[in-house]
Amino acid sequence: MTKYFLAVDIGTTTAKHTVGWTEDGKLRTKVVYSFTGYLVRRSDGVTWNLGLLRSGLLDGMRAAFRRYPSITSVSIDGMGSDYVLMNGDEVIPPSFSYLFDRTQKAIYAVHEKIPFRDLYMATGVSFQPYNTLYQLYEDRITGRLKDATDFLMIPDYLVYVLTGRKVSEYTVATTTGLVNLKDRDYDAYTLAMLRFQGKYFRTPQMPGTVIGKLRPEVEKAVGGNTDVVLCASHSTASAVYGLAADMNEPYLLIGEWAQMGCRKRRGAADYTSMYSGFSNEGGADGVLYVKNTMGLWVISELMRNWPQLTMEKVEKLVKKSTYGVTLEISDRRFVTSRNMRRTFDEILTDCPPRTVGDYFRCAFMSLVRNYEKIYSALLTNCPNLSHTLRVVGEGAKIDTLCELISKNIHVNISRMPYDAASAGNLKFQMDIPRGT
């Protein structure tokens with residue numbers, strides 16, 4: 001009898017419900033539902049619309065049960081860094097996105113208490129201004145933690161929505177910058193120095209943990225019941241698990257954001273890794289030695305200025321343009337930009353783009369130059385890497401981008417243009433030992 005599994009992947013712009021099963025020894029998938037709009041742009045930044053996120057989660061499960069009445073289990077993966085504060089069973093609004101630029105004071109305050117090098121040596125997580133520990137410290141400064149009894153990462157919050165149980169999954173917990181690299185638990189010294197109450201921080205549970213069945217009211221709403229299990233809840237960790245990459249096999253995941261790195265058996269929290277910006281994030285099996293950087297976000301945000309453009313048209317414009325200027329694409333201004341064309345214009349005052357194609361040529365080549373620098377650092381830090389770079393995700397579908405990566409980085413690439421996060425989510429569920 002065929003067993004069906006449901007993966008829910010919460011991306012930066014789109015969430016997808018994908019049903020998977022095996023047929024003739026191969027993974028087969030069907031996207032049964034998708035939705036958008038849960039990240040809301042306000043005048044002062046971006047926040048989560050949790051009501052829409054909850055309703056989209058349940059609507060997608062209802063669509064899955066309608067088509068596949070017997071689903072063995074469901075698991076949720078999503079982005080790291082962002083979280084929900086709760087007082088008992090009530091959400092403390094708003095739930096900020098990492099795209100909300102609010103942590104500048106908190107960063108200085110945190111580093112006055114704990115120098116960044118000490119944070120890195122304990123957790124192995126590279127500096128990003130949106131790291132959870134800075135967001136949480138900002139909440140402490142503004143008093144938002146006063147009434148909080150819990151903090152749940154976004155995938156953990158959705159597990160709570162389905163089951164009523166509050167848990168912390170290991171891979172997404174490591175993105176907080178608060179989990180000890182060796183102990184795989186929240187770092188007691190860091191929590192004490194930042195005066196974070198231990199009650200917020202549950203011991204992370206490993207991927208493969210079965211959490212339980214759906215709440216009765218959820219079962220009624222979606223038209224079925226199933227086991228809720230933990231995959232590698234950080235979408236990057238699920239994606240790498242889906243690749244079945246060997247240790248020291250380099251990969252470049254390109255979605256709205258990008259990660260370049262490799263799997264390692266043990267983390268490397270050393271000065272070389274710290275100064276080159278590499279993170280040690282929890283994986284389903286081992287450590288993901290990665291550098292997080294810009295992906296297609298800059299392209300999709302530019303396309304909002306020319307809504308008639310498709311990616312196919314963008315690629316043609318890039319090939320026609322001869323514009324030669326590149327930018328430091330990891331600049332925080334590109335992350336928080338509310339009008340990407342205006343951001344390019346403000347930076348490129350000495351050599352302004354003349355055509356639409358010039359903007360996109362600049363964006364494409366800036367991404368490639370950035371990936372080239374990261375790959376060079378990765379080779380230095382991990383000299384035994386294989387000589388083929390796996391390019392995975394939406395970016396692998398863009399011919400021009402892949403051609404530029406191969407040409408400029410001087411590496412053979414293997415393109416894997418599929419949703420690796422959902423594939424890894426499903427594969428993990430299928431690999432969980434179950435009683436007969």
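This is a predicted model: local features need pLDDT of at least 70, side-chain atom pairs count only at pLDDT 80 or more; totals for chains, interfaces and linings use all residues.

Modeller: The second largest pocket has a volume of about 200 Å³. Among its 13 lining residues, Gly 45, Val 46, Thr 336, Ser 337 and Arg 338 are the closest to its centre.

Biologist: What makes a residue part of that lining?

Modeller: A lining residue must have an atom within 4 Å of a grid point of the pocket. The lining of the second largest pocket has 13 such residues.

Biologist: How is the lining of the second largest pocket divided by class?

Modeller: The lining comprises 5 nonpolar, 3 polar and 5 charged residues.

Biologist: Why are strand 3 and strand 11 called edge strands?

Modeller: The open sheet has 6 strands in the order 3-2-1-6-12-11, with mixed pairing. Strand 3 (26–36) and strand 11 (210–213) each pair on one side only. Neighbouring strands of this sheet are turned by 25° against each other on average, direction ignored.

Biologist: How do you know that strand 2 and strand 3 pair?

Modeller: Pairing requires at least two bridges. Strand 2 (residues 14–23) and strand 3 are joined by 10 bridges, therefore they pair, and they run antiparallel. Thr 18 stands opposite Val 31 in strand 3.

Biologist: Which helix lies across strand 1 (4–10)?

Modeller: Helix 17 (residues 420–431) does, running at about 140° to strand 1. Helix 17 also lies across strand 2, strand 3, strand 6 (71–78) and strand 12 (227–229).

Notes:
Residues are numbered from 1 along each chain as its sequence is written. Side-chain values use heavy atoms; hydrogens and water are left out. Helices (H or I, at least four residues) and strands (E, at least two) are DSSP runs, numbered from the N terminus. Axes are lines fitted to C-alpha atoms, for helices over the stretch in contact, and angles run from 0 to 180 degrees between N-to-C directions. Contact means heavy atoms within 4.5 Å. On a 1 Å grid over the protein atoms alone, a cavity is a set of points where a 1.4 Å probe fits but cannot get out, and a pocket is an open set with protein on both sides within 12 Å along at least five of seven lines; lining residues have an atom within 4 Å of a point. Grid points are joined across faces, edges and corners, and a volume is the space filled by probe spheres set on the points. Ala, Val, Leu, Ile, Met, Phe, Trp, Tyr, Cys and Pro count as nonpolar, Asp, Glu, Lys and Arg as charged, and the others, Gly among them, as polar.
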